[in-house]
Structures are given as C-alpha cells and as structure tokens.
Amino acid sequence: MAIATADLYDEFGEEVQSLSLQLRSFGRRSAFDGQIRTVRCFEDNALLKAVLATPGAGAVLVVDGAGSLETALMGDLIAASAVANDWAGVVINGAIRDSVAIDALELGVKALGTNPRKSAKLGAGETDVALVIEGVVFRPGAHLYSDRDGILVER
C-alpha cells in the first residue's frame, strides 16, 4: 500500500516540499514514488523519449516543459516504453496526448492537461539537471511521492 502524501507531510512537515501546481492524474497508478530523474525541454520530446527508453529502476521522470500546452510531450508509445523499462511515473509540467491509452498503462502520470498535437523531435533541452517548478526544487536523486492529493519532494 502506498504512503499517503498527507500522512508524509504530517510526519515530516517542512522537511519535504509540496508542489502547489494542480496537475491532472493519468495512468493506472494513482500513487507512485521513486528517485527523481529530470528533463528540461520546450515543445520537443526527443530527450524525454530517449530517457524513458533506458532502465528506470522504479524512478520518476520529472519533465519541465515550461507549462506549455501547445504540444504534447508524451503519448502512449513513449508511456508504454516507460512501463517496459520499469519507470514508476512521469510528472510533466506540460501536456500529454493519447490519454485514454495511457490510462490503461501501469504507470503514474501527472500532467497539466492534454493536446493531440505532436511535439518537435530535435533533441533540444537538458537531462539530469535541477528543475524549479512553482518554487519546488526537483533534484536528480531526490525522492518524489505522488498521489491524488499532490506531490511531495524531499529537500
């Protein structure tokens, strides 16, 4: 059974960061946790796709797409790759597509919303860098906890 983020916050308080950004939940895992890996990209999902094609070992990929809803950064094929490579979840400050298919996958996904439009595939961006989203710092290697109530990140 997953640990509830509300209970974690009650226990650890300011030792964890709480993301106030309201993200939608997708995928069959409504609760997930793991070590953070990161990608920073803008309307280009080539790096995200490449990272999720590598062994995840139960990690969570946090993607800062600068909040853009103009294009989807992940669809069902990339999400299926994440499942095949043992990723626990993906948190996207941006959009996804193929949400119905993603909802059938054993993966936790949080994203701002959906858009059927494909993203560029040029490979622009950075991997495994600290990201700051709504004041919360997502450091590679830190632990992330997610459930229907929200997202907590260890400091």
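1. Buried here means under 20% relative accessible area. By that cut-off, 4 of the 5 residues of strand β12 (residues 150–154) are buried, so the strand is largely enclosed by the rest of the structure. Keep in mind that this is a predicted model.

2. Strand β12 has partners to look at. Strand β1 (residues 16–19) runs antiparallel to β12, and 4 bridges join the two. Within that pairing, Ser18 is bridged to Leu152 of β12. Strand β11 (residues 143–147) also pairs with β12 in the antiparallel sense, again over 4 bridges. Here Leu144 has Val153 as its bridge partner. The link from β11 to β12 is a hairpin through 2 residues.

3. Ser146 deserves a look. Its place is in strand β11. Is Ser146 buried or exposed? Ser146 has a relative accessible area of 2%, which is under 20%, so it is buried. Setting aside neighbours within four places in sequence, Ser146 is in contact with Thr5, Ser30, Ala31, Phe32, Lys110 and Ile151.

4. Next, the nonpolar interior. In soluble globular proteins, nonpolar side chains tend to be buried together. In this model the largest nonpolar core has 24 residues. Those with the most contacts inside the core are Leu48, Leu52, Val63, Met74 and Ile92. Elements giving two or more residues to this core are α2, β4 (60–64), β5, α3, β6 and β7 (108–114). The largest share comes from α2, with 4 residues.

5. Not counting residues up to four places away in sequence, Met74 touches Leu48, Leu52, Ala79, Val90, Ile92, Ala95, Ile96, Arg97, Ile102 and Val109. There is also a second, separate core, with 17 residues. Among its members are Leu23, Val62, Ala88 and Val153. Val153 is also the residue of β12 that bridges to Leu144.

6. Now the largest pocket. About 250 Å³ of space lies in it. Its lining has 14 residues, and Asn45, Leu77, Ile78, Arg97 and Lys121 lie nearest its centre. Two elements give two or more residues to the lining: β5 (72–74) and α3 (76–84). The largest share, 4 residues, is from α3. By class, the lining holds 4 nonpolar, 4 polar and 6 charged residues. Arg97, listed among the residues nearest the pocket centre, is also among the residues touched by Met74.

7. Two backbone angles need checking. Most residues other than glycine have a negative phi. Glu43 is not a glycine, yet its phi is positive, about 55 degrees. Where does Glu43 lie? Its place is in the loop between β3 (32–40) and α2 (46–52). At 23% relative accessibility, Glu43 counts as partly exposed.

8. Asp86 is the other case. Its phi is near 65 degrees, a positive value in a residue other than glycine. Asp86 lies in the loop between α3 and β6 (89–96). With 46% relative accessibility, Asp86 counts as partly exposed.

How values were computed. Residues are numbered from 1 along each chain as its sequence is written. This is a predicted model: local features need pLDDT of at least 70, side-chain atom pairs count only at pLDDT 80 or more; totals for chains, interfaces and linings use all residues. Side-chain values use heavy atoms; hydrogens and water are left out. Buried means under 20% relative accessible area, exposed over 50%, partly exposed in between (1.4 Å probe, protein chains only). Two strands pair if DSSP finds at least two bridges between them. On a 1 Å grid over the protein atoms alone, a cavity is a set of points where a 1.4 Å probe fits but cannot get out, and a pocket is an open set with protein on both sides within 12 Å along at least five of seven lines; lining residues have an atom within 4 Å of a point. Grid points are joined across faces, edges and corners, and a volume is the space filled by probe spheres set on the points. Ala, Val, Leu, Ile, Met, Phe, Trp, Tyr, Cys and Pro count as nonpolar, Asp, Glu, Lys and Arg as charged, and the others, Gly among them, as polar. Contact means heavy atoms within 4.5 Å. A nonpolar core is a set of buried Ala, Val, Leu, Ile, Met, Phe, Trp, Tyr and Cys residues joined through side-chain atoms within 4.5 Å.
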